[in-house]
Amino acid sequence: MVYGKQLFKQIAFLALVLLTILLIVNKAYSAETLFISASLSKESYNAGESIKIDGIVKDGLGNPVSGVSISIQVDGPSGVIHLALVYSAQDGTFTHEFKIPQNADAGTYIIHLTASKQGYSDATTQISCLVVAEFNGLIVTFLSLTVALILITAFKKKK
Amino acid sequence: MKQKIFATIYLTLFILSIMLPTILANENEDLLVIRVEPSYRTIKAGETAIYSIKVESLTRFPQIVMLEVNGLPENSIGIFTPEKGRTPFKSKLTIITTIQTPAGAYEITIIAVSGDKEEEAKTALIVNPPETTITSTITTSTSITRTLYVNVQTDKTSYNQNETVKISGSVQDQFRNPLESIEVSIQVVNPLGNIVHSALTKTNSLGIYFDNFTIGELGYSIFTPGTYTVFVTASKEGYLDGYAHASFIIGETNIPSINFVSVNITDLNGEIKSEFTQGEALIIWVTVENSGATLEKAYVWVEIDDPNTTPLGVYFNIGDLENGKIKTIGFSFTISANAYKGVYVAKAFVSNDLISKGGKFLASTDAVFIVN
């Protein structure tokens with residue numbers, strides 16, 4: 001009898017835990033939840049080059065959501081360099097392109113995105129890329145000439 | 001004697017009964033008045049013409065008015081500073097021509113749009129052939145893909161049930177020329193995320209579109225007070241779609257409802273200008289209105305993009321945007337001595353936090369200026 005009661009308690013507890021998990025999962029994957037994913041065509045860019053962001057917004061059931069506003073903030077090594085507000089199309093996709101300034105600092109750039117639509121909970125994501133400072137042509141030429149001169153001098157001395 | 005008094009009162013009441021509907025009708029008719037000065041300007045191709053504009057409302061209630069221009073010559077651009085304002089307000093139209101602008105006399109129409117009303121004022125621009133010594137040209141943005149620029153506004157920022165919401169806006173190309181017959185899709189979303197109104201319309205010859213709906217006639221039987229959002233999408237083959245949104249409130253709301261009232265660009269003396277020179281400093285004045293709940297620690301941002309769409313700088317201000325209040329913030333910017341010549345865009349945003357901390361933009365707008 002005591003064993004039966006204990007078993008009942010254990011089953012009841014398990015059922016409660018399962019119900020809680022189900023509720024959490026259901027909320028996380030309900031139609032009112034947005035999911036945003038975004039990508040870049042490259043991992044590394046030169047200063048002055050264009051960065052194109054492509055992405056898609058879906059609901060918890062995997063259906064594309066249109067008319068979602070996507071807030072974009074691009075952070076460089078020394079602060080915010082670009083902002084944008086774009087909207088998802090009928091198929092849930094969105095795209096945004098911007099140019100990295102010529103004098104941009106080299107380093108890691110993080111692109112933060114927030115998707116929001118009335119009646120849905122917001123979704124966020126972030127992607128990153130590397131920006132390489134553009135080589136100054138004159139510096140490259142000067143460095144090449146210096147290396148060549150050192151090599152020639154070394155070769156002559158050896159002779 | 002009594003009969004005379006009776007007759008006078010009767011006559012007065014009779015006259016009043018005839019006049020009252022007219023007086024009341026005038027009170028409710030949101031009349032706009034737009035004035036432009038001077039009546040004409042003469043310039044040489046490659047030069048700039050500036051017109052002063054005054055927009056007033058004949059009613060007690062201020063109205064949000066958007067300005068448009070039509071009749072510009074080819075290879076020219078017209079910039080309003082500001083492009084939008086709350087009556088009464090003054091604006092400046094700067095028409096910038098290039099040496100390729102054909103000589104001739106042009107009738108310039110300035111249109112003030114508010115709700116479903118539009119009022120126009122006319123002026124003239126006489127363009128003479130350029131002098132052979134003129135060498136300055138305007139470098140316009142060399143964008144590979146053509147983009148549609150669309151904006152949207154409602155005639156008011158808050159409504160009661162059974163009131164009519166008047167939606168209007170305009171569609172322009174990247175050079176801010178109005179575009180005709182552009183398909184504009186409009187959707188109004190209620191606080192629960194349900195579409196309560198949708199419409200498909202086209203821009204008229206001035207690049208303007210209109211739409212309206214009555215709140216009491218919404219398809220949804222349960223009336224939901226709160227913040228409503230109007231989404232518009234402008235589409236045309238060969239162009240990238242343009243998107244915009246505006247918000248308004250019905251009844252009470254517990255979330256902020258932010259709209260830009262105007263973006264003015266001035267020199268350091270506070271004079272509104274749309275044309276600057278290399279090395280000059282300017283101030284971008286952003287005026288924001290919150291008709292919803294107070295937004296604490298709101299971020300008001302400005303980004304300046306050069307003619308090649310490269311962002312030159314991002315600036316922000318943090319402060320509370322209180323319910324029912326209008327706030328103006330100035331951002332100073334110095335154009336570098338070797339800056340590109342052409343059309344610059346000042347983009348303004350309001351967010352509830354940094355986007356990097358999960359915040360989102362609640363409103364956005366832009367204004368343009370020229371570096372010559």
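Modeller: What follows describes that pocket and then a sheet. This is a predicted model, in which local features need pLDDT of at least 70 and side-chain atom pairs count only at pLDDT 80 or more, while totals for chains, interfaces and linings use all residues. Residues are numbered from 1 along each chain as its sequence is written, chains are lettered from A and ligands numbered from 1 in the order written, and side-chain values use heavy atoms, without hydrogens and water.

On a 1 Å grid over the protein atoms alone, a pocket is an open set of points with protein on both sides within 12 Å along at least five of seven lines, and lining residues have an atom within 4 Å of a point. Points are joined across faces, edges and corners, and the volume is the space filled by probe spheres (1.4 Å) set on them. Of its 28 lining residues, Pro101(A), Gln102(A), Asn103(A), Pro311(B) and Leu312(B) are closest to the centre. The lining comprises 14 nonpolar, eleven polar (Gly among them) and three charged (Asp, Glu, Lys, Arg) residues.

At least two lining residues each come from β5 (79-87) of chain A and from β24 (311-321) and β25 (325-334) of chain B; strands are DSSP runs of E, at least two residues long. β24 of chain B also belongs to an open, mixed sheet of five strands, ordered β21-β27-β26-β23-β24, where strands pair if DSSP finds at least two bridges between them. β24(B) stands at an edge with a single partner strand, so one side of β24(B) is left without a neighbour in the sheet. Nine bridges join β24(B) to the antiparallel β23 (residues 295-305) of chain B, and Tyr315(B) is the bridge partner of Val302(B).

Notes: Helix = DSSP H or I, 4+ residues; strand = E, 2+ residues; numbered from the N terminus.
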